[in-house]
Amino acid sequence: MRKLLAVATVILVLGLAGCGAASEPQHTLTFIEGRKVTVEMNGEDLELAGVFCEYTNASGETFIPCDAINVYAFQHGTEIPVLVFTGQETEGFIQCDTRVQSGTTAKVVWLFQMQDDSTVSVEFTDGQKFTFEVA
């Protein structure tokens with residue numbers, strides 16, 4: 001009986017330790033590049049900071065990239081606003097609010113309204129940080 005109890009205890013401990021093990025992320029975002037892009041809106045050309053990424057959805061569900069991982073951009077230490085042009089592609093990249101099915105990798109862009117042509121710093125909620133020049 002003691003051996004059975006000891007074996008059961010070992011199995012329970014190993015099972016609990018396995019629960020704490022790191023698992024693969026369900027959503028990954030890989031920075032490709034950041035640069036100035038021109039987007040047309042209501043017949044007017046807007047110069048924006050584009051953050052071009054590759055998004056992989058391994059969650060088991062259809063997901064919107066900007067709901068999975070937030071992307072923030074800053075100039076002069078303050079956040080600049082994100083602009084989303086729903087349904088419009090930018091240079092072959094889908095907008096960050098476009099649904100991506102599970103098991104799919106897609107090229108996704110986040111667009112930001114710049115204050116000027118100074119350096120843009122970018123932070124992802126998964127801890128990644130980048131800077132790029134727009135001038």
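Which residues does phenylalanine 112 touch, not counting residues up to four places away in sequence? That is a friendly place to begin, and point 3 answers it.

1. **What kind of model this is.** This is a predicted model, in which local features need pLDDT of at least 70 and side-chain atom pairs count only at pLDDT 80 or more, while totals for chains, interfaces and linings use all residues. Residues are numbered from 1 along each chain as its sequence is written, and side-chain values use heavy atoms, with hydrogens and water left out. The mean pLDDT of the protein chain (the predictor's confidence in each residue, from 0 to 100) is 87, and 84% of the residues reach 70 or more. Please be careful with residues 4-21: pLDDT stays under 50 there, and the model has 0 contacts beyond four places in sequence for this stretch. Contact here means heavy atoms within 4.5 Å. Where pLDDT is low, the predicted coordinates should not be read in detail.

2. **Overall layout.** The protein chain has 2 helices and 9 strands, in the order α-β-β-α-β-β-β-β-β-β-β from the N terminus. These are DSSP runs numbered from the N terminus, with helices as H or I of at least four residues and strands as E of at least two. Of the 135 residues, 32% count as buried; buried means under 20% relative accessible area, exposed over 50%, and partly exposed in between, with a 1.4 Å probe and protein chains only. Among contacts between residues at least 6 apart in sequence, 67% join residues at least 24 apart. The accessible surface is about 8300 Å², and 53% of it belongs to carbon and sulfur atoms; the areas come from the Shrake-Rupley method with a 1.4 Å probe, and for residues only the protein chains shown count as cover.

3. To return to the opening question, phenylalanine 112 touches Leu48, Ala49, Val51, Val71, Tyr72, Ala73, Ile80, Pro81 and Val82, leaving out residues up to four places away in sequence. Phenylalanine 112 is found in strand 7 and is buried, with a relative accessible area of 1%. A nonpolar core is a set of buried Ala, Val, Leu, Ile, Met, Phe, Trp, Tyr and Cys residues joined through side-chain atoms within 4.5 Å. The largest such core has 23 residues, and those with the most contacts inside it are Leu29, Val51, Val71, Trp110, Phe112, Phe124 and Phe132. Strand 1 (27-41), strand 2 (44-57), strand 3 (71-75), strand 7 (104-113) and strand 8 (120-124) each supply at least two residues of this core. Apart from it lies another core, of 8 residues, including Val39, Phe85, Phe93 and Leu111.

4. **Glutamine 75 and serine 118.** Glutamine 75 is found in strand 3 and is buried, at 0% relative accessible area. Its contacts, not counting residues up to four places away in sequence, are Ile80, Met114, Gln115, Asp116, Ser118, Thr119, Val120 and Val134. Serine 118 sits in the loop between strand 7 and strand 8, yet it counts as buried at 18% relative accessibility. Beyond its neighbours within four places in sequence, serine 118 is in contact with Gln75, His76 and Val134.

5. Valine 120 stands opposite phenylalanine 132 in strand 9. The two strands form a hairpin with 4 residues between them, and glycine 127 in the turn has a positive phi of about 100°.

6. **Positive phi outside glycine.** Histidine 76, in the loop between strand 3 and strand 4 (78-80), has a positive phi of about 55° although it is not a glycine. Histidine 76 is exposed, with a relative accessible area of 56%. Glutamate 91 also has a positive phi, near 55°, and lies in the loop between strand 5 (82-83) and strand 6 (94-95). Glutamate 91 is partly exposed, at 48% relative accessible area.

7. **Cysteines.** Cysteine 53 is buried at 0% relative accessibility, and cysteine 96 is buried at 2%.

Key
Pairing = 2+ DSSP bridges.
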